[in-house]
Amino acid sequence: MPTPPFFNLLNALESINDAEKYSAFHTVKATYKTSIDGNCSITADILIPRNLRDTHHQGPRPVIVRIHGGFLVTGSSLYPPWFSNWILEYALANHAVIISPNYRLLPEATGRDILNDINDFWHWFHGGSVARIIRGAGYEGATLDLSSVLVVGESAGGYLAIQLAIAYPTEIRGVIAAYPMVDLRSKFYTEAYSKPIVGVPNVPVSLLNDHLAMIATGGNSQIEHITAADPPDRLELAFSMVQNGKFLDVFGTKDRELFPMERLEDLILAGESVPLPPMLIFHGEQDSAVPVDGSKRFVRFLRAKVKHARILFYTQDGDHGFDVDATLETPWLRDRLERISKVWLEGRNSHL
């Protein structure tokens, strides 16, 4: 009997689960937010290059804020298969500190809850706690250069990276959004039809309905506090939401700030300046988890509506996560990172 597609996916994920992936970094987990009742703590992982103890790498270090994907339903800050190797290589090459936050997950949370978490993370990150943690870890000579912050996110993390860029444009030097979820009102998320995701056929809607019923009845005392999950945990739940057109039912529909293009439209109509940081967006043409048409529409919108928008947009043949084997020497990525590095490390007004 052939292996079911879902288990083929899990086997593929496990095959790239490298336990030594973070060995070049000193990793510290920190809590950036705690619920009022104290029952829910949300963490971020700080990845400090071990060579920052060398005296010639001390002083203010650039920062990469990296946000994980997973349809906003699953995933975690350090889940190895979804933490692209090239991001780690890029940080090491530039002696940069990485900070990777978790956040509350759908469907226990809403889209507004998730945005609130990411905003709270941003304020915590700028509040001095990270610098104290780095010193406490034994890197007394290393500080954070908050004028050189690059925000990177994959898939749902790309969505959140772009949302941060809209909310705090002058505090971010550049954004890299890999196959971002930026067109959430498209039929892919709102209509039910056959849509295999990375080879996995539609998961029954009953899986989502049963999960929502468990939440409604309080079947799990901790279920309101899901802030991280490593697949296969909740991966089928994510597929059930998307494949059956139920994503916005739990994410939210009325709050226009949840939708990047609508959020930008409202800012523009209000006469506000939107000095977005330079962005690199890349996407696979055959992406079965986040259709490439969403990124194409978003890039057209930015170029038409946002004054002085600086966008690098790249597509190539490939499915979701096509950059899994990319390195800093992969030509398409190398050339674009060189251009992003100029604005990240040399100055906001550098030519992209």
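Me: Against which elements do the buried residues of H4 pack?
Reply: The model is a predicted one. In helix H4, which spans residues 129-136, the buried residues are Ser 129, Val 130 and Ile 134. Their packing partners are helix H3 (111-125) and the strands E2 (41-49), E4 (97-101) and E5 (142-154).

Me: How many degrees around the axis do the buried residues of H4 cover?
Reply: The residues concerned are Ser 129, Val 130 and Ile 134. They lie on the same side of H4, because the arc they cover around the axis is only 135 degrees.

Me: Which residue just after H4 takes a positive phi?
Reply: Helix H4 comprises residues 129-136. Just after H4, a positive phi of about 100 degrees is taken by Gly 138.

Me: Is Ser 288 buried or exposed?
Reply: Ser 288 sits in the loop between strand E7 (279-284) and helix H11 (292-305). Beyond its neighbours within four places in sequence, Ser 288 has contacts with Phe 188, Pro 196, Ile 197, Val 198 and Asp 319. The relative accessible area of Ser 288 is 16%, and the cut-off for a buried residue is under 20%. Ser 288 is therefore buried.

Me: How many charged residues are in the lining of the second largest pocket?
Reply: The second largest pocket holds about 250 Å³ of space. Twelve residues line this pocket, and Ser 273, Val 274, Pro 275, Lys 307 and His 308 are those nearest its centre. By class, the lining has five nonpolar and two polar residues, and the number of charged residues is five.

Methods: Residues numbered from 1 in each chain as written. Predicted model: local features only at pLDDT ≥ 70, side-chain atom pairs only at ≥ 80, totals over all residues. Heavy atoms only, no water. Buried < 20%, exposed > 50% of the residue type's maximum accessible area, 1.4 Å probe, protein only. Helix = DSSP H or I, 4+ residues; strand = E, 2+ residues; numbered from the N terminus. Arc of directions from axis to C-beta. Contact = heavy atoms within 4.5 Å. 1 Å grid on protein atoms, 1.4 Å probe; cavity = no way out; pocket = protein on both sides within 12 Å on 5 of 7 lines; lining within 4 Å. Points joined across faces, edges and corners; volume = space filled by probe spheres on them. Nonpolar A, V, L, I, M, F, W, Y, C, P; charged D, E, K, R; others polar.
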